[in-house]
Every structure is written in structure tokens, then in C-alpha cells.
Amino acid sequence: MDESMTQRMQVQFKPDSSGIEITFLPASGASGKLDLPADNLLSLIRQLGAVHAQLVASKPIPPLEGSSVDVIFNTRWFVQPEMLGEASVLSFHHPAFGPVGFAVPIDQIGQMVHLLTMQLQQSASLREAPQ
């Protein structure tokens, strides 16, 4: 959490690990605590994400190259067949955001497949190289 947020609120696990407590600090202009079990916390995160998406909808998408990305590893994923021919919809379970997905337009799938195939080939050749 950035410093301006930590001056306004404090987030802690509840003692019984059943959720979190958000305590509003004097700098926030609010008072009190908010108790959120895990499912309510996830709902709040998703609602905040939806509001954030609306806030940035008219702004250009920033480049990813050189950006820091929060990576998750070894999650459940699924390729949804509903949009075959138009896009590939990739869904996965993100530990921070729950089930999320994205659609890759069909004209970008070839490039993605090419890059992933190159990764597989490089990985195979590294495994086969004498040590």
C-alpha cells in the first residue's frame, strides 16, 4: 500500500484469520473499523477494479514493456471455446483478484503462438544441452 494510504487507514488480518480489519486513521477524515471476511474483501476488490476501469477507460493503455508485473505461477487456467474464430478467451484464477480472463483478438493469436512455440523450443534445447 502506498504511503498516503497507510496514513489514512490500517489493514490487518483478524486475529482468527477469518478476514481483515480496515481501521480508518485520523488523516482519513473518517472513523471506525470495517470487518471484511475473505469473500466480502474479494467483492470489494472487484468493485474497486470495475470503478478503476471506468476511470481509465478514456486513457491510452500504457505499454507493458519495461513495466513491473505481478506474476502468479501455477494457477488454474482455461481457454474458453465460445468465441472461436473471433478471439481466444483465456481465464485463470488470480489469488488476489479471483477468476479473471482476457480476450486476445484472433489476429494476435498467430504472434502469440509463434512466441510461445519459440519459448518451448528454447526450453527443450536447454534441457538437451550437455552440462
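**View 1. Strand 5 gives the most to the lining of the largest pocket.** Its share is 4 residues. The model is predicted. The pocket holds about 760 Å³ of space. Strand 4 (77-80), strand 5 and helix 3 (106-128) each give two or more residues to its lining. The lining is made up of 19 residues. I72, L90, F92, F102 and M112 lie nearest the centre of the pocket. By class, the lining residues divide into 14 nonpolar, 4 polar and 1 charged.

**View 2. F92 and F102 form an aromatic pair.** The structure holds 1 such pair. The ring centres of F92 and F102 are 6.5 Å apart, and the planes stand at 70°. Planes over 60 degrees apart count as edge-to-face, so the pair is edge-to-face. F92 is in strand 5, and F102 is in strand 6 (residues 98-105). The two are 10 residues apart, and their pair links distant parts of the chain. F92 has 23% relative accessibility and counts as partly exposed. F102, at 38%, also counts as partly exposed. F92 and F102 are both among the residues nearest the centre of the largest pocket.

**View 3. H94 is a buried residue of strand 5.** The strand spans residues 87-94. The relative accessible area of H94 is 12%. Buried means under 20%, so H94 falls in that class. Which residues does H94 contact, leaving aside neighbours within four places in sequence? They are I72 and V100. I72 is also one of the residues nearest the centre of the largest pocket.

**View 4. S88 sits in strand 5 and touches F102, A103, V104 and I109.** That list does not count residues up to four places away in sequence. Q108 is 20 residues from S88 in sequence. Their C-alpha atoms are 9.4 Å apart in space.

**View 5. E21 and K33 form a salt bridge.** The count for the structure comes to 1 salt bridge. The closest N and O atoms of E21 and K33 are 3.8 Å apart. E21 lies in strand 2 (residues 19-24) and K33 in strand 3 (residues 32-37), so the bridge ties together parts that are 12 residues apart in sequence. Are the two partners buried or exposed? E21 counts as buried, at 16% relative accessibility. K33 is exposed, with a relative accessible area of 56%.

View 6. T23 has 15% relative accessibility and counts as buried.

**View 7. V11 is in strand 1, with its C-alpha atom 9.6 Å from that of K33.** V11 and K33 are 22 residues apart along the chain. V11 counts as partly exposed, at 38% relative accessibility. K33, by contrast, is exposed.

**View 8. S17 has a positive phi.** Most residues other than glycine have a negative phi. The phi of S17 is near 60°. Where does S17 lie? S17 is in the loop between strand 1 (9-13) and strand 2. S17 is exposed, with a relative accessible area of 62%.

**View 9. N74 also has a positive phi.** Its phi is near 60°, in a residue other than glycine. N74 lies in the loop between helix 2 (38-56) and strand 4. With 71% relative accessibility, N74 counts as exposed.

How values were computed: Residues are numbered from 1 along each chain as its sequence is written. This is a predicted model: local features need pLDDT of at least 70, side-chain atom pairs count only at pLDDT 80 or more; totals for chains, interfaces and linings use all residues. Side-chain values use heavy atoms; hydrogens and water are left out. Buried means under 20% relative accessible area, exposed over 50%, partly exposed in between (1.4 Å probe, protein chains only). Contact means heavy atoms within 4.5 Å. A salt bridge is a side-chain nitrogen of Lys or Arg within 4 Å of a carboxyl oxygen of Asp or Glu. On a 1 Å grid over the protein atoms alone, a cavity is a set of points where a 1.4 Å probe fits but cannot get out, and a pocket is an open set with protein on both sides within 12 Å along at least five of seven lines; lining residues have an atom within 4 Å of a point. Grid points are joined across faces, edges and corners, and a volume is the space filled by probe spheres set on the points. Ala, Val, Leu, Ile, Met, Phe, Trp, Tyr, Cys and Pro count as nonpolar, Asp, Glu, Lys and Arg as charged, and the others, Gly among them, as polar. Rings of Phe, Tyr and Trp (its six-membered ring) pair if their centres lie within 6.5 Å; planes under 30 degrees apart count as stacked, over 60 as edge-to-face and the rest as tilted.
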